[in-house]
Amino acid sequence: MLFSIIIPVYNRPKEVEELLESLSAQTCKNFEVVLVEDGSTVKCDDVAAAYKDKIEVNYFFKPNSGRSLTRNYGMEHAKGDYFVFFDSDCIIPPCYFETLSRELDAHYTDCYGGPDKAHESFTVLQKAISHSMTSFLTTGGIRGRKKGLEKFTPRTFNMGFSREVYDKVGGFKDMFGEDIDLSLRIREAGFRTELFTDLYVYHKRRVSLKSFHRQVNTFGRARIDLYRQHGDSMKVVHTLPALFVIGVCALVLLSLVCWWSIVPLLLLLLLFFAEALVVNRSFKIAALSVVTDFIQLWGYGTGFIAAFFSKVILGKETDEAELNKRYKKK
């Protein structure tokens, strides 16, 4: 089976180099890389050319249109039987495609997704953010796992599906939460989706607290867009970050009258620290995870509330300019 790895990229040549280096070290190279430059001002064509002797890299440059249409462009130019999606800020373990081939041979599935981890080379901040994105105490607990709080929905930092799925369901929509939307449409079309727990990637994610907040805020907004597209996709668990925001505000206001009203919030922050310390065995990561956990819940919750008010209560549509602006800041 030939896999086509679809990678949209916007102004990230250094990350693309790390990604291609990890792909060139694969123990099984039954794939092509379809690298689509989405109107970047800092191009990675030289980086792509440097790896053509190691792996099959097909480089394309197109005018900027956002990551969804860029992934669709990549699928239109792919040769493989099965499409695999990574974000440009991922590093792929050496046995990824060997494991993927074995999994699909053993029990074929039309669509799959896998988890992400922090690489040992990541900075303390990247490891703290990675922890917050996967912790059961934050929105990592509602991202969808086989035995989690909702049905598993693959995400494009580590996702794949067959050409048959693409031919029947189509590509990504230009919207917030485009990967979840496609995962839901794949399921609604009757295709089988699986979580391959051993098929992980190292995902760098954001490199600053500001950009991390912007990302999770977008996730919160995306949940409302998904609700409008798929009414039954909204679960009570998705409202928990919004309830967190409301609860924090209420406790802070109450503390102005009764100082001890802030104690529940302090206990929650202590729980954030303890859980991160147990998981990561690092005081530095645990201490910073208190901040990133808070940002994770606060950013998602405020995005959710803002989008619910503007799009559900007021009935406003998603601003395409806002969508492109957030994509370019990625």
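Student: At what angle do α10 and α11 pack?
Tutor: Helix α10 (residues 263-280) and helix α11 (residues 283-313) pack at about 130°, axes 8 Å apart. Axes are lines fitted to C-alpha atoms over the stretch in contact, with angles from 0 to 180 degrees between N-to-C directions. Helices (H or I, at least four residues) and strands (E, at least two) are DSSP runs, numbered from the N terminus. That angle makes α10 oblique to α11, meaning not under 35 degrees (roughly parallel), over 145 (roughly antiparallel) or 65 to 115 (roughly perpendicular).

Student: What's the source?
Tutor: This is a predicted model: local features need pLDDT of at least 70, side-chain atom pairs 80 or more, while totals for chains, interfaces and linings use all residues. Residues are numbered from 1 along each chain as its sequence is written, and side-chain values use heavy atoms, without hydrogens or water.

Student: Which α10 residues make the contact with α11?
Tutor: Leu-269, Phe-272, Phe-273, Ala-276, Leu-277 and Asn-280. Contact means heavy atoms within 4.5 Å. Partners on α11 include Phe-283, Val-290, Phe-294 and Leu-297.

Student: And how do α8 and α11 cross?
Tutor: At roughly 40°, with the axes of α8 (residues 209-229) and α11 coming within 7 Å. That makes α8 oblique to α11.

Student: New topic. How many residues are in the largest nonpolar core?
Tutor: It has 31. A core joins buried (under 20% relative accessible area, 1.4 Å probe, protein chains only) Ala, Val, Leu, Ile, Met, Phe, Trp, Tyr and Cys through side-chain atoms within 4.5 Å. Tyr-96 and Phe-97 are among those with the most contacts inside it.

Student: Which elements supply it?
Tutor: Among those giving at least two residues each are β1 (3-9), α1 (13-24) and β2 (31-38). A second, separate core of 17 residues includes Met-75 and Ile-186.

Terms used: Buried means under 20% relative accessible area, exposed over 50%, partly exposed in between (1.4 Å probe, protein chains only).
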